[in-house]
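Work through the following exercises with the sequence and the model side by side. Try each task yourself before you read its solution.

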Amino acid sequence: MKSIVVKNLMKRFGDFTALDDVSFEIESGEIFAFLGPNGAGKTTTVKILTGILQKDGGDIEILGYRNPYPRREIEVKRKIGFVPDEPDIYPYLTGEEFLMFILDIFGNPPKMRSKMRSLLDTFEVDYLGKMIRDMSHGMKQKLVLVSVLMREPDVIFLDEPIVGLDVKSAKVLKTYLRDLANSGKTIFMNTHILEIAEKIADEIGIIDKGRMIAQGSLKELEESLGVNSSLEDLFLKLTGEEKDIEPLVKELEE
Ligand SMILES: Nc1ncnc2c1ncn2[C@@H]1O[C@H](COP(=O)(O)OP(=O)(O)O)[C@@H](O)[C@H]1O
Ligand SMILES: [Mg+2]
């Protein structure tokens, strides 16, 4: 079953076109890596999919709900989760207060509380007494992760999730995401880091300058460019930056 279908998505900021005719489909139970250089349109896409920004054109379906969903917004938002790249959460709450607040919004169900406890263990979140403003980027990111994963959403959006994490937390997250996908959840992950896409994604979409330039499994993408080409070569080739690297490196050496 397809859990996300995006067709001909358009987004403009003034007269700048951030997303130009973007289309892709994601199956339930898959880890989808949305890969692209800085400014490609990844965050914009995820903000539209999670209902933070409005699209200017095209069609989106998530879990069978067609966007926009004026009367079913809460219903949809209950089933999805979003871990943004900038964890801007209430600076004057402690970690504990923040989690209690989220639990309360959902009616404090025992199942969510016990899930929360096991996630706090898994991600080694042992700083709940600290105020959020005193937490590092990675600490806040893990707190937000726990607050989203404890709800067990069917579709989980993560924007550059590995960037702020230490090596162990990153490894734990990757393993956890794989388990979630195996249990039927859909993972949508933005990343500009090839290695992450290469290591954990079932399906990779590549975007550049607001346009989709490829989608497929790693194997399919590599095969489409001939044997022995790595995702790195492929990525540089597709984004047209292959030729530009050497002079850049030379310039640095000079
Ligand atoms: N609110 C905004 N107003 C104007 N331009 C924006 C806005 N948000 C994003 N952009 C532009 O849209 C493009 C895509 O941005 P973004 O989706 O954040 O890229 P990515 O996440 O792939 O690095 C960039 O050129 C960015 O400057
Ligand atoms: Mg981004």
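**Exercise 1. The chain as a whole**

What percentage of the contacts in the protein chain with a separation of 6 or more is accounted for by residues 24 or more positions apart? Then judge how the overall dimensions of the chain fit those of a compact globule.

Solution. Bear in mind from the start that this is a predicted model. Among the contacts in the protein chain with a separation of 6 or more, 71% are between residues 24 or more positions apart. The C-alpha trace spans about 55 × 45 × 40 Å along its principal axes. Finally, 34% of the 254 residues count as buried.

**Exercise 2. The nonpolar core**

Find which residues touch the most other members of the largest nonpolar core, and then list the contacts of Phe157.

Solution. Next, take Phe157 and leave aside its neighbours within four places in sequence; what remains is contact with Val46, Leu49, Thr50, Ile80, Gly81, Phe82 and Phe188.

**Exercise 3. Helix 1 and one of its residues**

Decide how far helix 1 is covered, and then examine the position of Thr44.

Solution. Seven of the eight residues of helix 1 are buried, so the helix is mostly covered. By name, these buried residues are Lys42, Thr43, Thr44, Thr45, Val46, Ile48 and Leu49. To see how one of them is judged, take Thr44: a residue is buried if 20 or more other C-beta atoms lie within 10 Å of its own, and Thr44 has 21, so it is buried. When its neighbours within four places in sequence are left aside, Thr44 is in contact with Lys11, Ala18, Leu19 and Leu53. Just after helix 1, Gly51 takes a positive phi of about 85°.

**Exercise 4. One face of helix 3**

How are the buried residues of helix 3 arranged around its axis, and against which helices do they pack?

Solution. First collect the buried residues of helix 3 (residues 95-105), which are Gly95, Phe98, Leu99 and Ile102. Seen down the axis of helix 3, these residues fall within an arc of 95°, so they line one face of the helix. The buried residues of helix 3 pack against helix 4 and helix 5. Just after helix 3, a positive phi of about 80° is found at Gly107.

**Exercise 5. Backbone details in the loops**

Describe the backbone at Leu63, at Glu124 and at the bond between Asn67 and Pro68, and say where each of the residues Leu63, Glu124 and Pro68 lies.

Solution. Leu63 is a residue other than glycine with a positive phi, near 50°, and it lies in the loop between strand 4 (57-62) and strand 5. With 17 other C-beta atoms within 10 Å, Leu63 is partly exposed. Glu124 also has a positive phi near 50°, and its place is the loop between helix 4 (110-122) and helix 5. Glu124 has 12 C-beta neighbours inside 10 Å, so it counts as exposed. Lastly, the peptide bond that joins Asn67 and Pro68 is cis, with omega about 0°, and Pro68 is in the loop between strand 5 (65-67) and helix 2 (73-79).

Terms used: Residues numbered from 1 in each chain as written. Chains lettered and ligands numbered in written order. Predicted model: local features only at pLDDT ≥ 70, side-chain atom pairs only at ≥ 80, totals over all residues. Core = buried A, V, L, I, M, F, W, Y, C linked by C-beta atoms within 7 Å. Contact = placed C-beta atoms within 7 Å. Helix = DSSP H or I, 4+ residues; strand = E, 2+ residues; numbered from the N terminus. Arc of directions from axis to C-beta. Rg over C-alpha atoms; globule rule 2.2 N^0.38 Å.
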